[in-house]
Amino acid sequence: MSLLDTFQKKEKEEGQLPTTDFDDEKIPGLVDEIFAAAISIRASDVHFKPVDEKLKVYFRVDGALQTFQEFEKIYHHPIIARIKIISGLKIDERRLPQDGKSSFATEGKEVDLRVSVLPTSFGEKAVIRILEKNPEMINLRDLGMLPNILLRIEKHLKATYGMIMAVGPTGSGKSTSLFSMISTFDATKVNISTLEDPIEYKIPNVTQTQINTDIGFDFSDGLRTLVRQDPDIIMVGEIRDKKTASLAIESALTGHLVFSTLHTNTAVGSIQRLLNMEIDRFLISTAIKLIISQRLVRKVCSYCREPYAVPSKYHELLQRETGMDPAKAFFYRAKGCERCHNIGYHGRIGLFEVLEMSPVIEEMIVKGVTNQEIEAQAAKEGMILLKKDALYKAATGDITIEEAIKVMT
Ligand SMILES: [Zn+2]
């Protein structure tokens, strides 16, 4: 059964399946139905992609693309035209890319649509990002952190100065982690200010400022002003350059708790990134308290997952990397049911690697030892590497071994 079938099942049962004959007047309703389906399945993006004689519609769900529907060529222009109309784009401009905005409401849920239209060899392709107007904040305890990682983080949230960083590639859930941490504070008792690009979650009583590089207002400008606003806690959406990095470090050393993100792959690699930005070793070692490196992976649907025997090479991998007894592991594979729209996966979970600054590690940073040496010392002090967290979560049935392997390569 395809993803589309799971939506049409009810209509089929009631004998209301729409006719397949092309009807221009039905296009607006058809486009609405596609968006409503996308929202109900929690899709983050909808792709309308022309290929040969077809127009294919894909949804991105939990980070993975899923085929949704296929139309005959005759639908291509009318559907793209409808998308252009609702997002205020020029219908007759088919040679240049266009960007637009729209909004959509279904079953009490309101979303913003960011529309991008691109000319391709098969005609125009439209990709629509779906942004929830008021996304729900995830509790720190629900991100999927192992208990000892959570304890380490909660301990550092009690500090009054220093820097806590969430690092990882785009879409790894860094800002969700930062906001989950920030929302543990009572913003009526401490002054919390953020600089963001874009503002994703709105938190009561927190001063949130949108960065706007088009008019020359970047993170370092914002940060320079923020420190004059008597802050206790500062969040800098992302450290992209030396200016922002040194101001953030300076703020962390002068009595502020600073949260930020870096685009790096490992916790230890973040130290190297700051060094590359010409930040002083001693300042890095004293300002940074915690580096949380993370990824987001798909959770296997708990309603239809199937226990199975994984190939023995995964048992060996599990034992080698985690020391866990393979006989005690429970691996599951994705199957597909009505609840997960036959995808087999539902929702996502974080994988975490948390580097906690210690006197020994501080000294190693100042001395300038290799990343591997720091990583080995951190592991000795209890840091769980990302790949280990991935394998734990596969061996306990939260994720499939395939999802675990993806973050290890
Ligand atoms: Zn399922």
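**A zinc site and a buried aspartate**

The four donor atoms around the zinc ion subtend angles of 104 to 115°, so their arrangement is tetrahedral. For comparison, the ideal angle for four tetrahedral donors at a metal is 109.5 degrees. The model examined here is a predicted one. In it, the zinc ion is coordinated at 2.3 Å by the SG atoms of Cys 301, Cys 304, Cys 337 and Cys 340. Along the sequence, these donor residues follow the spacing C-x2-C-x32-C-x2-C. Distant parts of the chain are linked by the pair Cys 304 and Cys 340, which are 36 residues apart. Cys 304 sits in the loop between β12 (288–300) and β13 (306–307), while Cys 340 belongs to the loop between β14 (332–333) and β15 (345–356).

How accessible are these cysteines? Cys 340 has a relative accessible area of 2% and therefore counts as buried. Cys 304 is also buried, at 8% relative accessibility, and Cys 337 is buried with a value of 18%, since the cut-off for burial is under 20%. A disulfide is a covalent bond between the sulfur atoms of two cysteines. In this model, the count of disulfides comes to zero.

Attention now turns to Asp 45, a residue of strand β1, which spans residues 43–51. Its relative accessibility is 5%, so Asp 45 counts as buried. The side chain of Asp 45 is joined to that of Ser 44 by a polar contact of 2.7 Å. Once neighbours within four places in sequence are set aside, Asp 45 is in contact with Tyr 58, Phe 59, Arg 60, Ile 128 and Arg 129.

Conventions. Residues are numbered from 1 along each chain as its sequence is written. This is a predicted model: local features need pLDDT of at least 70, side-chain atom pairs count only at pLDDT 80 or more; totals for chains, interfaces and linings use all residues. Side-chain values use heavy atoms; hydrogens and water are left out. Helices (H or I, at least four residues) and strands (E, at least two) are DSSP runs, numbered from the N terminus. Buried means under 20% relative accessible area, exposed over 50%, partly exposed in between (1.4 Å probe, protein chains only). A polar contact is a pair of N or O atoms within 3.5 Å; within protein, one must be able to donate a hydrogen and the other to accept it, and residues adjacent in sequence count only if both atoms are side-chain atoms. Contact means heavy atoms within 4.5 Å. A disulfide is a pair of cysteine sulfur atoms within 2.5 Å. Donors are N, O and S atoms within 2.8 Å of the metal (3.2 Å for Na, K and Ca); water is not among the atoms, so sites may look incomplete. Four donors count as tetrahedral if all angles lie between 85 and 135 degrees; four count as square planar and six as octahedral if opposite donors are over 155 degrees apart and all others between 65 and 115; anything else is irregular.
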